[in-house]
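Subject: Structure handover

Hi,

Here is the structure I promised to pass on. My notes follow below it.

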Amino acid sequence: RTRVPPPTQTKPSLRILAVGISKYRKPEYSLTFAAKDANDFVSALLEQRGSVYGSIEARNLIDDKATLRNIHDGLAWLAEKSTAGGVSIVFLAGHA
């Protein structure tokens, strides 16, 4: 009898679009931790590379980089890079 090794399971890929807006045009709308939360969220998931996820790609749009155009481009990037069996996450921190 020939022993066939069990199939290896491939870890899923992860794509993250993180948007954190702490600074607003009107200072009274500014937040303390939204930008930090977006960065910390991505950092925590990057630590999972190799143990939970195979590859990880992330885009952070923080404060003045979080324009409507950049968010739209980020969502298009996420849709383009997403694959069956992969994981895609959109993280938003700021005012609704």
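Start with helix α2. Its buried residues are G74, W77 and L78. They sit on the same side of α2, because they cover an arc of only 100° around the axis. On the other side of α2, the exposed residues are L68, R69, H72, A79 and E80. The cover over the buried residues of α2 includes β1 (14–20), β2 (56–62) and β3. Keep in mind that this is a predicted model.

Now α1. Here the buried residues are A34, A35, A38, V42 and L45. Seen down the axis of α1, they fall within an arc of 120°, so they line one face of the helix. As background, an α-helix has 3.6 residues a turn, so residues three or four places apart point the same way. The buried residues of α1 are covered by elements including β1, β2 and β3. The span of α1 agrees with expectation: its 13 residues should span 18 Å at 1.5 Å a residue, and its end C-alpha atoms are 19 Å apart.

Next, the surface. L75, V90 and L92 make a nonpolar patch of about 270 Å². L92 belongs to strand β3, residues 87–93. Why does L92 count as exposed? Its relative accessibility is 60%, and the cut-off for exposed is over 50%.

Two loop residues are worth a look.

First, D63. It lies in the loop between β2 and α2. D63 is buried, with a relative accessible area of 15%. Its phi is near 50°, a positive value in a residue other than glycine. For context, most residues other than glycine have a negative phi.

Second, Y24. Its place is in the loop between β1 and α1, the helix of residues 34–46. Which residues does Y24 contact, leaving aside its neighbours within four places in sequence? They are Y29, S30, L31, G94 and H95. Y24 and S55 are 31 residues apart in sequence, and their C-alpha atoms are 34 Å apart in space.

Best wishes

Technical notes. Residues are numbered from 1 along each chain as its sequence is written. This is a predicted model: local features need pLDDT of at least 70, side-chain atom pairs count only at pLDDT 80 or more; totals for chains, interfaces and linings use all residues. Side-chain values use heavy atoms; hydrogens and water are left out. Patches are made of residues with over 30% relative accessible area and no salt bridge: like charges are joined within 9 Å, nonpolar side chains (Val, Leu, Ile, Met, Phe, Trp, Tyr) within 5 Å. Accessible areas come from the Shrake-Rupley method with a 1.4 Å probe; for residues, only the protein chains shown count as cover. A salt bridge is a side-chain nitrogen of Lys or Arg within 4 Å of a carboxyl oxygen of Asp or Glu. Helices (H or I, at least four residues) and strands (E, at least two) are DSSP runs, numbered from the N terminus. Buried means under 20% relative accessible area, exposed over 50%, partly exposed in between (1.4 Å probe, protein chains only). The arc is that of the directions from the helix axis to the C-beta atoms. Contact means heavy atoms within 4.5 Å. The expected span of a helix is 1.5 Å times one less than its number of residues.
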